[in-house]
Amino acid sequence: MRVLAAMSGGVDSAVAAARAADAGHDVTGVHLALSRNPQTYRTGARGCCTLEDSRDARRAADVIGIPFYVWDMAEQFHDSVVDDFVAEYAAGRTPNPCLRCNEKIKFEAVLDRAVALGFDAVVTGHHARLGADGRLRRSVDQAKDQSYVLAVLTGEQLSRSVFPLGDSTKEQVRAEAAERGLAVAEKPDSHDICFIADGDTRGFLRDRLGEAPGDIVDAATGATLGQHQGAYAYTIGQRKGLDLRVPAADGQPRYVLSITPVTNTVTVGPRSALEVSRVMATRPIWHGAASSPVECDIQMRAHGEVVPGVVTIEDTMLTAELRTPARGIAPGQALVAYRKDPAGDIVLGSATIESADAGA
């Protein structure tokens with residue numbers, strides 16, 4: 001099989017490419033240049049998709065003995081990921097840019113180009129598994145599992161994807177990289193958001209959206225408790241950085257309960273008010289049985305807690321009734337449903353969270 005190995009410059013993608021070559025595939029490595037100005041992106045231990053990463057990927061390809069290219073996808077990345085990130089925060093939502101990058105760049109734009117060039121599949125270093133049945137499953141390394149950010153992929157995209165690392169722990173991957181003589185064996189994992197160089201998300205958004213002062217109000221009384229300089233700087237469940245001028249009567253901390261861009265207000269209240277038992281989500285991508293409701297496990301944040309629930313799908317809306325209440329559920333995040341299976345938890349599908357409430 002002729003495959004394209006997406007090589008980020010990290011240890012996972014390097015070992016994934018090497019394993020694909022060992023398996024007898026005709027492998028070509030490609031690094032994605034995603035920044036209009038690479039110097040504005042993170043570097044070093046906290047980096048991703050930088051010039052440094054490109055050089056690391058090229059050296060790994062040389063060691064493996066495969067052809068290597070750099071594809072400039074900066075414009076697609078800016079339009080589909082960076083602009084989407086800013087627009088979602090402006091709308092009072094909390095996006096996951098890594099999930100959007102997988103959806104729009106790595107498994108849409110890259111896969112489409114790869115197929116047009118005659119490749120059969122794309123290989124990545126994601127920690128997830130594809131069973132013989134073509135179903136996406138969690139990695140054996142639960143701490144590194146990335147099935148959550150891959151759950152947006154369609155069945156057609158999964159059929160042209162290869163995830164060689166799903167049966168290995170991160171420690172095993174690093175040990176193998178060292179044995180293969182790959183210089184990235186001990187390279188730290190990338191963290192945070194690659195296109196925010198200094199890690200200051202609030203400052204990044206302020207530069208693009210401007211300051212927009214507004215009120216922070218109490219959910220119970222409607223009283224103004226403080227001021228903010230931009231509602232986009234807050235997310236559901238946030239506790240720190242509220243700078244409230246009026247303490248709560250019970251002395252307990254308050255949390256962000258909702259963000260309303262149309263009135264430019266941030267509403268706060270007690271931690272108990274964050275509990276929700278029903279979640280509504282749009283744009284479902286479903287691989288499970290067509291009939292519903294479906295009993296399943298539900299995850300609503302990357303590496304977040306998993307709660308049991310029942311999912312019902314009607315047209316373009318997915319509704320999840322949670323058996324155990326969850327807190328801090330933010331619109332814009334993904335809801336991913338899993339089914340327990342002896343061979344590993346299977347991804348049934350995903351949808352984008354639109355709203356959540358206490359339910360009936």
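Reader: Why is Cys 98 called partly exposed?

Author: Buried means under 20% relative accessible area, exposed over 50%, and partly exposed in between (1.4 Å probe, protein chains only). Cys 98 has 46% relative accessibility and therefore counts as partly exposed. The model is predicted, so that local features need pLDDT of at least 70 and side-chain atom pairs count only at pLDDT 80 or more, while totals for chains, interfaces and linings use all residues. Residues are numbered from 1 along each chain as its sequence is written, and side-chain values use heavy atoms, with hydrogens and water left out.

Reader: Is Cys 101 buried or exposed?

Author: Cys 101 counts as buried because its relative accessibility is 8%.

Reader: What makes Ser 139 buried, and which residues does Ser 139 touch?

Author: The relative accessible area of Ser 139 is 1%, so the residue is buried. Ser 139 sits in the loop between β6 (136-138) and α5 (147-150), where helices (H or I, at least four residues) and strands (E, at least two) are DSSP runs numbered from the N terminus. Contact means heavy atoms within 4.5 Å. Not counting residues up to four places away in sequence, Ser 139 touches His 127, Ala 128, Arg 129, Asp 145, Gly 166 and Ser 168.

Reader: How do you know that Ile 259 is buried, and where is Ile 259 placed?

Author: With a relative accessible area of 13%, Ile 259 is buried. Ile 259 belongs to strand β10 (residues 255-260). Leaving aside neighbours within four places in sequence, its contacts are Gly 92, Ala 231, Tyr 234, Thr 235, Ile 236 and Thr 265. Between Ile 259 and Ala 175 there are 84 residues in sequence and 46 Å in space, C-alpha to C-alpha.

Reader: Which strand gives the most to the lining of the largest cavity?

Author: β17 gives the most to the lining of the largest cavity, namely three residues.
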